[in-house]
Amino acid sequence: MPDYHIHTLPNGIRIVHKQVLHTKIAHSGFILDIGSRDELPNQTGIAHFWEHMAFKGTEKRRSFHILNRLESVGGELNAYTTKEKICFYSSVLDKHFDKSFELLTDITFRSVFPEREIEKERGVILEEMAMYLDTPEDAIVDEFDAVVYDKHPLGNNILGTKESVSRFARQDFLDFLDRTLSTDSLLFCSVSNLPFEKVLKLAEKHLGDIPEIKKQRERVPFSSYMPKAITLEKPISQAHCVIGSPAYALSDDRRIPFFMLVNLLGGPGMNSRLNLAVREKHGLVYTIDANYATYIDTGLLTIYFGTEKKQLKRTTSLVLKELKKLREVPLGSLQLHTAKEQLMGQLAMAEESNMGLMMMIGKSILDQGHVDSLNDIFGQIKNITATDLTDIANDALREDQLSFLNYVPA
């Protein structure tokens with residue numbers, strides 16, 4: 001990846017920019033190192049609720065004016081919340097970048113949380129919960145977090161609970177921000193054809209009067225894990241299953257080899273081992289995949305599939321059989337070469353999305369203080385050996401360390 005520019009303002013906010021000359025679209029956003037794992041026990045869901053409320057009124061704008069500001073010039077304004085991050089971002093024609101920067105600054109730092117809007121948005125989030133609960137393939141993956149992480153904040157649903165969302169008032173949002181918002185743990189990241197000097201000038205214009213805020217915050221590390229097997233009856237027509245366990249943290253040297261192993265097992269390619277063994281050979285599923293999420297102190301492996309209730313045991317056995325193969329049978333030279341080429345191609349294509357690139361750059365700098373170039377990552381992938389993968393499989397894919405969560409038709 002070509003060089004990016006980074007500059008820290010006197011208030012501690014970092015400005016990160018990558019110039020891409022062949023685009024007319026400016027992607028940018030504030031990425032904050034705050035997520036659902038930073039909530040106190042009585043605040044479950046408030047980070048996500050704040051993400052919603054940022055659009056509902058600032059010191060100088062009402063909700064309509066926020067929503068119309070960029071949409072009226074063909075732009076997009078959005079946000080998301082994860083376990084460790086909140087992001088407010090936009091995409092506009094480059095000539096509207098100034099307008100976009102100003103609006104993003106307004107909703108990030110000057111939201112006022114009108115009580116009337118809190119009541120309305122409460123209903124919206126409760127409907128979001130209902131929609132998610134009506135989608136078992138999504139609900140089971142989220143609920144699996146609680147199976148693995150138990151009472152740790154990483155086990156909490158990002159949306160919160162009906163009870164927590166129903167009781168939040170304006171002061172709760174102010175208290176959460178007062179405890180978590182720190183200017184040295186957030187940044188503004190952009191990818192556009194604009195020169196860095198232009199971006200920096202606008203940053204000084206829009207962020208110069210934001211005061212420095214420093215907070216000492218320690219995240220509770222995840223340490224204790226006990227495998228579990230849980231089966232729940234649901235009003236559904238298909239059985240759904242998630243199998244998984246804790247995995248390597250973001251800073252672990254085994255992260256990239258494990259990512260490659262998970263990609264080989266159940267990545268997006270139709271030639272993944274799980275897809276070939278379970279769908280193509282036996283026709284037992286429509287969707288089966290494996291994913292690996294990383295956090296600062298841990299990670300999470302998940303394998304998901306949906307199948308007929310009567311085929312649940314058989315399908316589970318086939319999945320475990322593929323895990324056993326990875327533990328016991330080293331990849332041949334051609335298999336290893338193919339797995340490396342596939343992963344490198346997927347990573348290169350992912351970087352073709354300037355929006356995704358902007359998110360990746362910002363998150364990498366918050367988490368690691370730098371961005372690995374594709375060449376650096378490719379170098380690490382090329383150095384992976386079949387023995388590396390077998391050793392990691394025997395460490396991270398042990399059957400006795402797996403947890404299981406099944407939804408079955410009532």
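Let me begin with the largest pocket, whose lining is made up of 50 residues, with F259, Y292, T294, M360 and K363 lying nearest its centre. Before I go further, please keep in mind that this is a predicted model, in which local features need pLDDT of at least 70 and side-chain atom pairs count only at pLDDT 80 or more, while totals for chains, interfaces and linings use all residues. Residues are numbered from 1 along each chain as its sequence is written, and side-chain values use heavy atoms, with hydrogens and water left out.

By a pocket I mean, on a 1 Å grid over the protein atoms alone, an open set of points where a 1.4 Å probe fits, with protein on both sides within 12 Å along at least five of seven lines, and a lining residue has an atom within 4 Å of a point. The volume is the space filled by probe spheres set on the points, which are joined across faces, edges and corners, and for the largest pocket it comes to about 1600 Å³. Among the elements that give two or more residues to this lining are α9, β9 and α13, and α13 provides the largest share, 8 residues. Helices here are DSSP runs of H or I of at least four residues, strands are runs of E of at least two, and both are numbered from the N terminus. By class, the lining of the largest pocket has 24 nonpolar, 14 polar and 12 charged residues, where Ala, Val, Leu, Ile, Met, Phe, Trp, Tyr, Cys and Pro count as nonpolar, Asp, Glu, Lys and Arg as charged, and the others, Gly among them, as polar.

Where does β9 sit in its sheet? The sheet is open, with 5 strands in the order β7-β11-β8-β10-β9 and mixed pairing, and β9 (288–294) is an edge strand, as is β7 (229–234), each pairing on one side only. Two strands pair if DSSP finds at least two bridges between them; β9 and β10 (residues 299–307) do so in the antiparallel sense over 7 bridges, and Y292 stands opposite L301 in β10.

Turning to the second largest pocket, we find about 410 Å³ of space and a lining of 20 residues, of which Y132, L133, A139, E143 and N157 lie nearest the centre. The most comes from α5, with 5 residues.
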